[in-house]
Amino acid sequence: MKFVKKDFLWGGATSASQVEGAYDVDGKSLTIAEMRPFNPNLDRKSIGELNAYTREDYEKSIENKDGLHYPKRFGVDQYNRYKEDIALFKEAGMNIYRMSIAWSRIFPNGDEAEPNKNAIEFYRNVFTECRNSGMEIMLTIQHYDVPYPITKKYGGWSNKEVIDLYIKFATVIMNEYKDLVKYWLPFNEINIATHSPITGLGIFKEDFATEQEYKNAAWQGLHNQFYAQAKVIEIAKSISSNLKMGCMVANIETYYADCNPVNVLENLKYQQMERDFYYDVMVKGKYPTYSKRYFEENNVKFETTPEEMEVIKNNPIHYITFSYYMTSTMSKDISETSGGNLLMGGKNPFLKATEWGWQIDPIGLRITLNELWDKYQIPLFISENGIGVVETLNENNTVEDDYRIDYLSEHFKQMNEAIIDGVDVFGYTMWTPIDVVSLSTNEMSKRYGLIFVDYDDYHKGTGDRFKKKSFSWFKKFRETGEL
Ligand code: BG6
């Protein structure tokens, strides 16, 4: 089968805190991502690690007196090895690199009057290297790495003052890089906010008197991000019409577990609030009617102003990007749960799962693409998709990762089918072209890359890069278009 679209963006995605390292260079502050330790006793099928630690634990980590290991402080050393990595991405045939920029490098405390010049220079060099290698850049402005000084002083995203700090940061980088970076995503997986408020918003339970207040603060933080994103889109228009502004959502796709109407309804309600809600706000520019009932029944209260709602209405996103790894099922009573990316649903007997319990479902990607296109009618882009596996180098210094070739090619085929169905998809960035530190479990052992990186869970190793079998497969696919 030949991939039908000629003019298509093919590449890979990473995030600053998972690849860069160099956590203390040039005045960079620590981010919340760099303050959560690796837990060798973790339960791989649980997403609990994301919420496991308290503000006190984070505070203690600053001096690291307990000698724990904080993997995201080291990443895979891309800060120093970016030229080598970009050369490999080019060799694989990629024409886009989705990466993120660390707020903690540009404005370490968030409220400095001027950005850090060295950090501005660093990213200019990285972007220039990409462009000289024939790659567009898709830049995530915040990818789970709120600078800790901002959460300490301002309490994180539930505080409206943080909106101004973020807008200042975004405005500076859009002005700096308008000629280098075309695609912009203000927030990674904006829908994580209410599920892991530490990760998405930098807010901690201990700062609130009750569980309900904490929940409301998370919804407030989410609203503040919706508004901040819309404001950034408004500002982007005044900077340059070349800036293409999109969203990034962890696409939660669930099937109803059976044809019992009770379960069909349960799934509908779940899909409305866990998936459509986000696209509805960012594409249609207002809170959907079904969310009103949800807020009432769950005592959700947060503050919006008419001015904020006006900005949200007038500045919808230009295109949708989303991460797609898996699907699960939904019913009134879930008998057996699956693992999952950020959220867990029910097990699907028709699907196989990874070691982390993520159920592999290429056809679900075609379904998702069709559904999103039918509902929103704006261009779509898959900004993350891939498979995490425990891998080691063999005697030939490679990994025979046929399962990854299978995973990727099956998803590419379904994307192709969706395009033939008439869906407007303009690009794909796999998670990830190179092994990185896992977002949820902080492991290095959970490897997604076409390129193997020689570090273990404790950052021991040479850091050298080795091409896996999937690297050559992807390169060939890019040359021939043959699936
Ligand atoms: C997405 C995140 O949710 O999933 C990435 O945007 C993350 O940052 C990816 O790495 C895979 O998750 P994990 O936990 O396997 O790294």
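In the predicted model, a polar side-chain atom of Glu 384 lies 2.8 Å from an oxygen atom of the ligand, a polar contact being a pair of N or O atoms within 3.5 Å. For Ser 440 the corresponding distance from a polar side-chain atom to a ligand oxygen atom is 2.4 Å, and for Tyr 448 it is 2.5 Å. The ligand taken alone exposes 380 Å², of which the protein buries 100%; accessible areas come from the Shrake-Rupley method with a 1.4 Å probe.

The ligand is surrounded by 14 residues, the closest being Glu 189, Leu 439, Ser 440, Lys 446 and Tyr 448; a residue is near a molecule if one of its heavy atoms lies within 4 Å of it. This shell divides into 5 nonpolar, 6 polar and 3 charged residues, with Tyr counted as nonpolar, Asp, Glu, Lys and Arg as charged, and Gly as polar.

The model is predicted, with local features requiring pLDDT of at least 70 and side-chain atom pairs pLDDT 80 or more, whereas totals for chains, interfaces and linings use all residues. Residues are numbered from 1 along each chain as its sequence is written, and side-chain values use heavy atoms, with hydrogens and water left out.

A barrel is closed by 8 strands in the order E1-E2-E3-E4-E5-E7-E9-E11, with parallel pairing. Neighbouring strands of this sheet are turned by 25 degrees against each other on average, direction ignored. Helices (H or I, at least four residues) and strands (E, at least two) are DSSP runs numbered from the N terminus, and two strands pair if DSSP finds at least two bridges between them. Strands E2 (residues 96–100) and E3 (residues 136–142) run parallel and are joined by 5 bridges; Ser 100 stands opposite Thr 140 in E3. Helix H14 (residues 402–421) packs on the sheet, touching strands E1, E9 and E11, and its direction makes about 170 degrees with that of E11. Contact here means heavy atoms within 4.5 Å, and angles run from 0 to 180 degrees between N-to-C directions of axes fitted to C-alpha atoms, for helices over the stretch in contact.

A cis peptide bond joins Trp 431 and Thr 432, with omega about 5 degrees.

Technical notes. Polar contact = N/O pair within 3.5 Å; in protein donor to acceptor, adjacent residues only side chain to side chain.
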